[in-house]
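Hi,

Here is the structure I promised to pass on.

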Amino acid sequence: MSESSTSPLTAVVLVAAGSGQRLGYGMPKAAVPLGGDTILIHALRGIVAAGVGSQICVVLPAGDDGLRALCDDFRAELADGGPLLTVVSGGATRADSVRAGLAALVPDVEAVLVHDAARALTPEAVFHRVASALAAGAKAVIPAIAVVDTVKTVAATTGTAAGIAPEVVTGTAPREDLRAVQTPQGFELATLLAAHQAAVNLPAEAAAAVTDDAMLVEMLGAAVHVVRGSSQSLKITTPLDLILAEGLLEGPLGGRWVEG
Ligand code: CTP
Ligand code: MG
């Protein structure tokens, strides 16, 4: 990693265009209430508090006027000299939504943090660790935490075992080598654009298996550096996650950034 004393001009793409099927609230996840606000507003506050982007590009479900209005209100609250807040419509997959955000970045941007609105409580320290690694010369940086469960690979059973259970274990991954990966993921903009450009040509099955941006950079063969994430950066996916997030906001110590 080469050393550099100045931070690259950085933007944040906040992807919030998902439908929130697994949360089951009957509305886009970004609009779901959290701690007296919405998931989207918590995510935006975290980015602004971290002070990591001169532009924040929010990617929303197409045609969602309510979420657009929330962004307009949030923009009006931003202090003079604060980040430029832009809003675009997302696509059918997360990768499509990221591409829509990247296409709306202002011309001089050199680095980008891609963040899931679903990780509404990411501590500032995580943004800073990712941004610092980018400033030090990394082209791709992801935050990650240790895996607490034992993780096994499985396959559908065949033959006699089929009546016992639908799956059998095919292997146990060495836990010390595994990491649970979070966002914000930071990239040199040119590297991420090249990775997404290459992904446009992936076969449908491979495209469906793309769950984060770092995977696309890995496919290019570039090094992806790992910094420490935080268990508070949980991705609000299921109703249990929402209960945990509410608990973090209301709990002991004011619920604020117990773990940085
Ligand atoms: N996302 C997006 N565009 C999509 C799909 C997902 O911007 N077409 C965003 C989500 O808004 C979320 C992040 O990507 O902030 C991670 O996705 P996920 O947690 O899966 O959210 P949803 O897709 O909304 O949830 P679900 O899969 O349960 O429907
Ligand atoms: Mg999803």
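Is Ala136 buried or exposed? Ala136 is buried, because its relative accessible area is 18%, and buried here means under 20%, exposed over 50% and partly exposed in between, with a 1.4 Å probe and protein chains only. You'll find Ala136 in the loop between α4 and β7 (140-146); helices (H or I, at least four residues) and strands (E, at least two) are DSSP runs, numbered from the N terminus. Its C-alpha atom is 8.5 Å from that of Thr6, although the two residues are 130 apart along the chain.

Some housekeeping before the rest. This is a predicted model, in which local features need pLDDT of at least 70 and side-chain atom pairs count only at pLDDT 80 or more, while totals for chains, interfaces and linings use all residues. Residues are numbered from 1 along each chain as its sequence is written, chains are lettered from A and ligands numbered from 1 in the order in which they are written, and side-chain values use heavy atoms, with hydrogens and water left out.

On confidence: the protein chain has an average pLDDT of 93, and 93% of the residues score at least 70 (pLDDT is the predictor's confidence in each residue, from 0 to 100). Residues 1-5 have a pLDDT below 50, and beyond near neighbours in sequence that stretch makes ten contacts in the model, a contact being heavy atoms within 4.5 Å. Where pLDDT is low, the predicted coordinates should not be read in detail.

Now the ligand. Ligand 1 is surrounded by 18 residues, and the closest are Val15, Gly20, Gln21, Arg22 and Ser97; a residue counts as near if one of its heavy atoms lies within 4 Å. Alone, ligand 1 exposes 560 Å², and the protein buries 87% of that. Those areas come from the Shrake-Rupley method with a 1.4 Å probe; for residues, only the protein chains shown count as cover.

Which residues touch the most other members of the largest nonpolar core? They are Leu34, Leu40, Leu44 and Val58, out of 39 residues in that core. A nonpolar core is a set of buried Ala, Val, Leu, Ile, Met, Phe, Trp, Tyr and Cys residues joined through side-chain atoms within 4.5 Å. At least two residues each come from β1 (10-15), α1 (39-50), β4 (55-60), α2 (65-77), β6 (111-116), α4 (124-135) and α8 (239-250), and α1 gives the largest share, seven residues. Apart from this core lies another, of 22 residues, including Cys57, Val59, Leu189 and Leu216. In soluble globular proteins, nonpolar side chains tend to be buried together.

Two glutamines are worth a look. Gln55, in strand β4, is buried at a relative accessible area of 1%. Its side chain makes a polar contact with the side chain of Thr86 at 3.0 Å (a polar contact is a pair of N or O atoms within 3.5 Å; within protein, one must be able to donate a hydrogen and the other to accept it, and residues adjacent in sequence count only if both atoms are side-chain atoms). Gln185 is in strand β11 (residues 185-188) and is buried, with a relative accessible area of 1%. The Gln185 side chain reaches the backbone nitrogen of Asp213 at 3.4 Å.

Finally, two loop residues. Ala173, between β9 (167-172) and β10 (179-181), is partly exposed at 25% relative accessible area and touches Val151 and Leu178, not counting residues up to four places away in sequence. Val200, in the loop between α5 (189-199) and α6 (204-208), counts as partly exposed at 47% relative accessibility. Val200 and Arg99 are 101 residues apart in sequence and 9.8 Å apart in space, C-alpha to C-alpha.

Cheers
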